Amino acid sequence: MKILVTGGAGFIGSNFVHYVYRERPDWHITVYDKLTYAGNKANIAGLDESRVAFIQADIADPEAIDAAVAETDAVIHFAAESHNDNSLHDPSPFIHTNLIGTFQILEAVRKHGKRLHHVSTDEVYGDLELDDPAKFTPETPYNPSSPYSSTKAGSDLLVRAWVRSFGVQATISNCSNNYGPYQHVEKVIPRQITNLIDGQKLKLYGSGENVRDWIHTEDHSSGVLTILEKGRIGETYLIGADGEKNNLEVFKLILKLMGKDESWLEHVNDRPGHDLRYAIDATKLHEELGWTPKYTDFETGLADTIKWYQDNEAWWRPQKEATEAKYKELGR
Ligand code: NAD
Ligand code: DAU
């Protein structure tokens, strides 16, 4: 089996590459990545080059993606502009990569008759009230809030249309908030851990009542591999591990695990249009494909993640100053 992993030098894509490398030793993996500010070849360093190849290119480049897709059996499409705050500052790369890029991948898999798994997000469904007993299901209507989530929603709809109109062999997954190693320091958990390492305060948006449904990135990887191998073509599967926590709880846990008191917590300007709550109902993935998450103890997973950032300062240090300068411009 030969797979092409777009965005395989980013956070979730590189964790997926490591996961497949371990779990499917007879597969060949080609990572296809533009290496934007969020991509880093170090994320996939040390893997046997006879089993993992690398192509630096843009998914929106029709010739480059066509040539790469022609050589593979299946495409697992992680590449995206992924950060909401950036999308509120400048939406244009989100249109380019998430919409035009996904369109070019669809055209290539259509032409060459290849299997596609499209990786998406729970944010396409908008947000829930804090006390809403319902969670997101594959039937929840799309209602995205930000330029990021609206372009992800658009990319999902393109995939659905290419399945129906052209018979493209695709599946879609919508996952909740991931955490773990190799996550860029712009995202909430690595930002706070590295702030504390730097003697800076944690930056909490608004009141901190916003809820995210945390899943360890290893469990996202196992969910994607399960869908790739066993999922029904044309279906959407939601991936989540019942990890709902509000931001204030997460921040307090980081402080506890890093031995600091609450004087290290600072409330900063809220994100415009800030989604209140996400929550995934993963029943379909459990019942239909037999998937279960393994890393469900959030405190242990967070402690391991803190240790990873403490042990890998050389990995995140080059990105930290520019990231905080961007936040300063946004007043957050
Ligand atoms: P990331 O920003 O860490 O990585 C994105 C990767 O895509 C980078 O390596 C980047 O260089 C590459 N890339 C960007 N534009 C490209 C282009 N035009 N051509 C080729 N490569 C390009 O993102 P992430 O957090 O790892 O997210 C990966 C995927 O998972 C995204 O599709 C995202 O929407 C989805 N997702 C993320 C989360 C989360 O919590 N982070 C949750 C659910 C779904
Ligand atoms: O739900 C899945 C989504 O999760 C993915 O599709 C996105 O790619 C991923 O970035 C993530 O989106 P969020 O916007 O939820 O993640 P972020 O890490 O930016 O923020 C998480 C929460 O923490 C959110 O409520 C905003 C808040 N926050 C964020 C930052 C960066 C803070 O309070 N302080 C911060 O410094």
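Predicted model: local features only at pLDDT ≥ 70, side-chain atom pairs only at ≥ 80, totals over all residues.
1. Local features rest on pLDDT of at least 70 and side-chain atom pairs on pLDDT 80 or more, while totals for chains, interfaces and linings use all residues. Residues are numbered from 1 along each chain as written, chains are lettered from A and ligands numbered from 1 in written order, and side-chain values use heavy atoms, without hydrogens or water.

2. The shell around ligand 2 holds 25 residues, of which Asp 122, Tyr 148, Lys 203, Arg 271 and His 274 come nearest; a residue belongs here if one of its heavy atoms lies within 4 Å. By class, seven are nonpolar, ten polar and eight charged; Tyr, Cys and Pro are counted among the nonpolar residues, and Gly among the polar ones.

3. The distance is 2.6 Å for His 274, 2.9 Å for Glu 123 and 3.0 Å for Gln 192. The protein covers 94% of the 700 Å² of accessible area that ligand 2 has on its own (Shrake-Rupley method, 1.4 Å probe).

4. Helix 6 (188-197), strand 8 (202-205) and helix 8 (247-257) each give two or more residues to this shell. Helices are DSSP runs (H or I) of at least four residues, and strands (E) of at least two.

5. In strand 8, Leu 202 and Leu 204 on one side and Lys 203 and Tyr 205 on the other are all buried, that is, under 20% relative accessible area with a 1.4 Å probe, protein chains only.

6. Strand 8 runs parallel to strand 13 (residues 265-268), joined by four bridges; pairing requires at least two DSSP bridges. Leu 204 has His 267 of strand 13 as its bridge partner.

Methods
Polar contact = N/O pair within 3.5 Å; in protein donor to acceptor, adjacent residues only side chain to side chain. Buried < 20%, exposed > 50% of the residue type's maximum accessible area, 1.4 Å probe, protein only.
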